[in-house]
Every structure is written in C-alpha cells, then in structure tokens.
Amino acid sequence: MSRELLDVSNTDGLTNGEFRRIYRKIMGDTKERVSIRQAYTILLKDFVNDSGYVDIAALLQETNSSKVEVMSKLLEPDEGNDEAPSPLKFRGYMTVYPKVQCICYTIDVAEPTFCEIILSLANNSDVPRDRFLNDLFLIVYNMHDELIGITRHVLSDGHYSTGMMTVNSGDKVMIFGMGTTMDRKKSTTERVVLIEENSKLSKRFRATLMNIFDSFDIDQDGVLNKNEMNFYTLACGDSELTDDDWDIYMDTFDNRDGGLTMSGFIKVHEMEALDPEGNAAADLWHSLYCLGYDTQLSAIFGCSYDIVARISRPMRIEPRLQYVVKEHRAFILESLYRLGEPDERFEMRPRLFRTDYFGLLIAKREERFANETYRMILTKREHIKINFPHQVDQLIRLADSDSDWVLIASYTVTDPDAQLEYNLEKVVERSASSATSPLA
C-alpha cells in the first residue's frame, strides 16, 4: 500500500514529479513541447526580464524563502484570469475531552484537482492563549485508506500547509491532535453565572454563545443551517434535530436564507433558560462540558479551526461530525510510522515522524515485544511540549495499545530552536541505552 505524500519535497531542487505537476498546473498539458525560454517563463515567470534573461539578483533574493513558499507563489492563479477559482474557506470545531470529536470533510471534485490545504486556529476568545498552538494537524486520505497529504510546513502566524497535492472526489479531510493540551490546569469548582436571577443570560455566557455560533458556522455565511445546527447539538451530547424540530426553529426564531442567525441562536438558549422545572443551568453546563469548556467558560479542551483550500479547479466539501475512534488512531499511527525515521538504537526500533512543528514517536507492537514495558527518559528538553499517552511515569506498556501501533510520545514545537533527547529503558531488565536522539 503506497503512502507517498504528494507534496513538495525538502530538497533544494525540483524532482521530475514536482516539475511535471507545476507544468500541468500552469500549462494544462505535458504533451506539447516547449522551448528553453518557455520553460524559464513557466518556472521563473517573476524573474525573467523583457529581454528573456533571468534576473539573478531577484532570484537569489527570493530563494531566501522556503521552496514551499516559492512554489506556492508560482502556482497562484494569474491576475485577471476570471476562470481561476477562489480559495475555498471553511471552519470546524474539535474537542479532545471528554470526547474526541471533530468536524471532518469529504471532497467533491469533477476530476483530479491540484490543491494546497492550509490549517490554522480560528479566532476564539474563549480558548486560552496558545492553548492549542501547534497541537493540531490535518490529514487527507482516500477511500483506500492511503495517505495523500498532511500539514507538515509552517507558513506564518500558526498556519500549517500540506504543500501541493492532487485530490479526487471522495477523499477525506480529518483533524487530529497531538494531546499536548491534555494537562488540566488548576481551576476553581465555582461556576460562573450562566443565567441571571431574572432568567436572562449573563453577558459572559452570551459572549460564549457567540463564539460557539462562529465555531459551528462551517461555511462562514453568518447563519447556522440545519446540518450545522445538528453538528452543534450532537457535539453537545444531544439528539439529532428532526425535520419538525427545525421547522419550529424556523417559525419561532430569527432566521434568514434557511438558517438561524446569531440572534436566533442566542434566543434559543434564552428560551431554554426559562425552563419551569429549573433544569436549564444543569443542561447548559452539560453541553458546555461536552464542548470542552471548564467552570470558568474557558475552552481548555475545545477549539475551532479554519481551513483554506487553494484549488486549481472548482471543489466542494461535505462536512460531518466525526468521533475519533481507535480505527482512526491505528490508521494514522501506521501511516506515519511508515513515513518515519527508524531509531536503530533500541530493540523495538521505533520510528520518529516529524514535521516543522510537531512529531510522533511510534512503535510497532511485534509479538516478541507485546508484553514488554519501557520507560522514556528525557535527557534534554528545550522549547518542547510533550505528551505521554499513558501519563504514568512516562511508561510505555505495549500490551495497553488497542492496535498493533503504539504511540510512545507526541510533541509540539514552541520555538524553532527546540531540542529533545531521550532514552528508552526496558523496565523489567533495567538496562538502558546510553545514546541520545533528538526529536526536533
């Protein structure tokens, strides 16, 4: 099963495949012969002067940027080309506790389409500063469970890119977290007020509802359609809306273009606050807890994200609320294990998959090691947030894994100069390697 990523490699030059993909993007065909001058114009259109010569000074200045950024610039649609599709923009929401769930997407295109997908955290004042920074990554995979793309590259200001790749109809886009947000902060058990004594929503809670509305407005059109409202209710642990439920919403609350406005969304919760049986506050807190909020209305286990798809042809996406289950974890661990760098120093030979902003150390649970327990010993740690899934003395019990693929640790980078060195020690034999290995 092929796991080759269709993005831009980290080498200085262009591979044959990279050249062909750029050529097809700009020219649309690989059968027509071109002259050397035409080839220069295709690849270096910003650096060829009126005489047909390459402006070396401009080229050298541009090469201070990464090749990914240069090639992204080369692949931008030409100005004035009305047929070039605009970037596709959409939003999603994820919780990492008490349930791991996220908004995922299915791609719908008429034919194979060249594109780049960029992930970033959405602006949400309920999420503590830097809480989820560098903690999310995005993957694209096809119906055969083959990995097509993954956010590897940091562009700027917390934007993560897959690089250029080819997608087909039916390909899936899914969001994962490294788990470095899981250390619960110390917080008071006192809850902020949701409902005032006059049965009105507090200002603080109204602000939170506005953030939640924005988080589930997937297409960013300013209203929640039935599907988006369903994502919200299901994420809160409630039942899916029926057609009759939705008709009542449309007849009762402020709406336009077939969806609830923010005013209508808040009014729904104002009506809920009038519950004569007095259960409103408890029900609202249950929903907030499912969305990753703590008692101070801080979203410590939930965040919204923005996705931009730069596309060469028109593309649609179909969103869905997805629970992340063990099959998903096994798939991503196996895929990234095969792409990782093997660490030959240890008998179970884990592999490190790393990108510009995160990494995962993964092992295969072979039968001869299935019952072994190891301890990960950190010998150097700088500008790194690290997560140990089992959270017990940094122990790795291979038997505890629910698949053949074991996540030893995941990490996120908080500074480009990050360093982490480790040892793996078998607990039973008490023998450790003296070597160290950098994770970043």
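These notebook entries record what I looked up in the predicted model shown above.

**Entry 1. Conventions.** I number residues from 1 along each chain as its sequence is written, and I leave hydrogens and water out, with side-chain values resting on heavy atoms.

**Entry 2. Overall content.** I find 10 helices and 22 strands in the protein. These are DSSP runs numbered from the N terminus, helices being H or I of at least four residues and strands E of at least two. Of the 440 residues, 48% are buried; buried means under 20% relative accessible area, exposed over 50%, and partly exposed in between, with a 1.4 Å probe and protein chains only. The accessible surface comes to about 22,300 Å², and carbon and sulfur atoms hold 46% of that area; areas are by the Shrake-Rupley method with a 1.4 Å probe, and for residues only the protein chains shown count as cover. Taking contacts (heavy atoms within 4.5 Å) between residues at least 6 apart in sequence, I note that 72% join residues at least 24 apart.

**Entry 3. Annotated segment.** I looked up residues 204–239, which UniProt lists in an unreviewed entry as "domain: EF-hand". UniProt positions follow the numbering used here, feature names are shortened, and annotations may be inferred rather than shown by experiment. The chain there is 64% helix and 0% strand, with the end C-alpha atoms 26 Å apart. Gln 220 sits in the loop between α5 (203–216) and α6 (226–235). Its phi is near 55°, a positive value in a residue other than glycine, and Gln 220 is partly exposed at 38% relative accessibility.

**Entry 4. Cysteines.** How many disulfides does the whole structure hold? My search returns 0, a disulfide being a pair of cysteine sulfur atoms within 2.5 Å. For Cys 236, the closest cysteine sulfur belongs to Cys 290 and is 6.8 Å away, too far for a bond. Cys 236 is buried at 1% relative accessible area, and Cys 303 is buried at 1% relative accessibility.

**Entry 5. Aromatic rings.** I count 17 aromatic pairs. Rings of Phe, Tyr and Trp (its six-membered ring) pair if their centres lie within 6.5 Å; planes under 30 degrees apart are stacked, over 60 edge-to-face, and the rest tilted. Phe 137 and Phe 358 are stacked, 4.7 Å centre to centre with 20° between the planes. Phe 137 belongs to strand β4 (residues 136–141) and Phe 358 to strand β15 (residues 358–364), so the pair ties together parts 221 residues apart in sequence.

The charged end of Arg 351 sits over Tyr 337, 4.6 Å from the ring centre, and that of Arg 345 over Tyr 422, at 5.4 Å.

**Entry 6. Loops.** Tyr 97 and Pro 98 are joined by a cis peptide bond with omega about 5°; Pro 98 lies between β1 (88–95) and β2 (101–108). Pro 128, in the loop between β3 (113–121) and β4, is partly exposed at 26%. Beyond its neighbours within four places in sequence, Pro 128 contacts Ser 298, Ala 299 and Ile 300.

Terms used: Predicted model: local features only at pLDDT ≥ 70, side-chain atom pairs only at ≥ 80, totals over all residues. Lys NZ or Arg CZ within 6 Å of the ring centre and 35° of its normal.
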